[in-house]
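I opened the notebook to look up a few things in one structure. The entries follow in the order I made them.

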Amino acid sequence: MAKPLIAGNWKMHGTAAEAVALARQLVKNEHSCAGVQLAIFPPTLHLGLVASELSGSAIALGAQNVSEHGPGAFTGEVSADMLKETGCDYTLVGHSERRTLFGEVDGAVADKFKAAQRSDLVPILCVGETLQQRQQGLTLDVIAKQINAVKDKVGIENLCRGVIAYEPVWAIGTGEVASPEEAQLVHIVIRELLGPGGIGTSLLYGGSVKASNAAELFAEPDIDGGLVGGASLEADEFLKIAQLMT
Ligand code: PGA
């Protein structure tokens, strides 16, 4: 079984100096969460700087997005090879902000997942339903559709080699959080979709995770870690969340 994973998505926050300071604080205190794999996802522009801070540390580095394309005329894009060369181990794919604000559709998300694995990055596939879909009772259908789009593209074995983060869209950045029972139910369904090869796949929960609500989420048997947004911008809070996973 892989170590539990606590991933910090910094989104588009912070100056270069702030990114370096936050990474430094985490490195200084990473010993307080031995047994947990920490990973941080700074803005793309700060990846190189943060990579230097992480050298010699067990904290992994990840990107928030990756191009589905190889090198070529794709203005403004960053390829999986470039991220790998900069020191990334992981990349998010299909974060709900990418899907809703930047029009990423299931097919493109699947291509990004494939591109990441081709360059030896571990993709963290983000899935989740909107409030409206939830109210219409469509949660499990939405999750299945988002996961199956990737499965159809890369095959079940490759899908199981990635990480899946269940992030209900209505819980992201809102302070609303799925109840542990609700999250566990969705995680069981994801586990079933993955089949026998998915027993060891890390399934993360994300959406307003904080030190005050993480313990009960992490106590659920199919929640193997967390994808943390806002609360990952404070080193103490992020480390406290990780400690609850040990
Ligand atoms: P949040 O973000 O923890 O601020 O809700 C989670 C995410 O978007 O990954």
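I began with the second largest pocket, which has a volume of about 260 Å³. A volume here is the space filled by probe spheres set on grid points, joined across faces, edges and corners. I noted that this is a predicted model, where local features need pLDDT of at least 70, side-chain atom pairs count only at pLDDT 80 or more, and totals for chains, interfaces and linings use all residues. Residues are numbered from 1 along each chain as its sequence is written, and side-chain values use heavy atoms, with hydrogens and water left out.

**Pockets**

I wrote down the rule for a pocket: on a 1 Å grid over the protein atoms alone, an open set of points where a 1.4 Å probe fits, with protein on both sides within 12 Å along at least five of seven lines. Lining residues have an atom within 4 Å of a point. The second largest pocket has 20 of them, and Arg99, Gly128, Gln133, Val142 and Gln146 lie nearest its centre.

I then turned to the largest pocket, with a volume of about 560 Å³. Its lining is 20 residues, with Met12, Thr44, Gln64, Asn65 and Arg98 nearest the centre.

**Ligand**

Which residues come nearest the ligand? I found Lys11, His95, Glu167, Gly173 and Ser208, out of 13 around it; near means a heavy atom within 4 Å.

A polar backbone atom of Gly173 is 2.6 Å from one. For Ser208, a backbone N or O atom lies 2.8 Å from a ligand oxygen. For Gly229, the distance from a backbone N or O atom to a ligand oxygen is 2.8 Å. Taken alone, the ligand exposes 280 Å², and the protein buries 95% of that (Shrake-Rupley method, 1.4 Å probe).

**Cysteines**

How many disulfides does the whole structure hold? My search gave zero, a disulfide being a pair of cysteine sulfur atoms within 2.5 Å. Cys88 is in none, and the nearest cysteine sulfur, in Cys126, is 15 Å away. Cys88 is also buried, at 1% relative accessible area (buried is under 20%, exposed over 50%, partly exposed in between, with a 1.4 Å probe and protein chains only).

Methods:
Polar contact = N/O pair within 3.5 Å; in protein donor to acceptor, adjacent residues only side chain to side chain.
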